[in-house]
Amino acid sequence: MATIKVADDEGETITFIEVDGKRFPNFNISAARGIPDFKPRNDDVFLIAYPKSGSHWIWEVCRMLFAGSTDLDVIAKESSMLELTSHDLIDQQTSPRILNTHLRLYEMPKDFQTLQNKIIYLRRNLKDVAVSFFNHTKKFKNNYQYNGTWSSYLKMIIEGKVDYGSWFDYVKHWEEVIETHPDLQILDLTFEDIKENPTKEIKKIAEFLEVPYNETLIDEINHQCSFKNMKARKGLLMPTEDGESVIYRKGDVGDWMNWFTVAQDEWFNSVYQDKMAGSKLKFKYTI
Ligand code: A3P
């Protein structure tokens, strides 16, 4: 485990932690090494996503669905994250647990495939992910220590030089897993579909989790998990040094239009076509 500084095209560096050649954020990720030996339980559900795809949102929806109630303690998603929380603490949590990670299938706990745990796989269009990740990286100043610009960061993320690596490799990896592993129970969701029709997607999650629900519960969960309500309830669980909410920034589809120049958009679209050749994945950029 080593702290590394990676320079962008203007020489500004981002600080990461490298574990076995993989780039992690500069947080306390000492649990990451032990992930292969982590012992899942049969009823653990894994929420898996590339960073900034909406994990905080959907983790909270799942907790409420499992509880059959919106009246829950205010707990950070990070408390169930395999890279960030000591596995001794995760072991103490009562079932059913919603564990979350940004890893790939081959990096998951060794027992995972035998147990056939359910996976909720969440994805989001890369233009909005890039904007969200840039803001996240800049705002956690003490961690990433990054003074770079949007245009330089955009190149870093497209080149896969950021924490957790390439978005392209990540989504193509999980696309292949879904195609080639009919044995795994995977619910494939997108941030954009949930934003467009939240109650429909929350019901889909309820069916997948096989929990009892009715319209009132779904409406109440949708209300409590709206961007505004989650920001009010959980916004300061992971604040910046300035006391600002980093995770709950805008919560929109299409904020990328406020960031991308025409030239950046054209460049992005051509790189995207090239890198996603052969993929059947579709993403919405506006709703
Ligand atoms: P933005 O930075 O575009 O606002 P993650 O949870 O994977 O870290 O993703 C964070 C992104 O999800 C942020 O995107 C955040 O605002 C958005 N988000 C968090 N909670 C949300 C909610 N309840 N509804 C919509 N978006 C939400």
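**Exercises on salt bridges**

Glu60 is buried, with a relative accessibility of 2%; buried denotes under 20% relative accessible area, exposed over 50%, and partly exposed in between (1.4 Å probe, protein chains only). The model is predicted, so local features need pLDDT of at least 70 and side-chain atom pairs count only at pLDDT 80 or more, while totals for chains, interfaces and linings use all residues. Residues are numbered from 1 along each chain as its sequence is written, and side-chain values use heavy atoms, with hydrogens and water left out.

**Exercise 1.** Characterise the pairing of Arg63 with Glu60.

*Solution.* 
1. Apply the criterion: a salt bridge places a side-chain nitrogen of Lys or Arg within 4 Å of a carboxyl oxygen of Asp or Glu. For Arg63 and Glu60, the closest N and O atoms are 3.1 Å apart.
2. Locate the residues: they are three residues apart in helix H1 (residues 55-67), separated by about one helical turn.

**Exercise 2.** Describe the salt bridge between Lys204 and Glu201.

*Solution.* 
1. The closest N and O atoms of Lys204 and Glu201 are 3.2 Å apart.
2. Both residues belong to helix H9 (residues 198-209), three residues apart, or about one turn.
3. Lys204 is partly exposed at 35% relative accessibility, whereas Glu201 is buried at 3%.

Technical notes. Helices (H or I, at least four residues) and strands (E, at least two) are DSSP runs, numbered from the N terminus.
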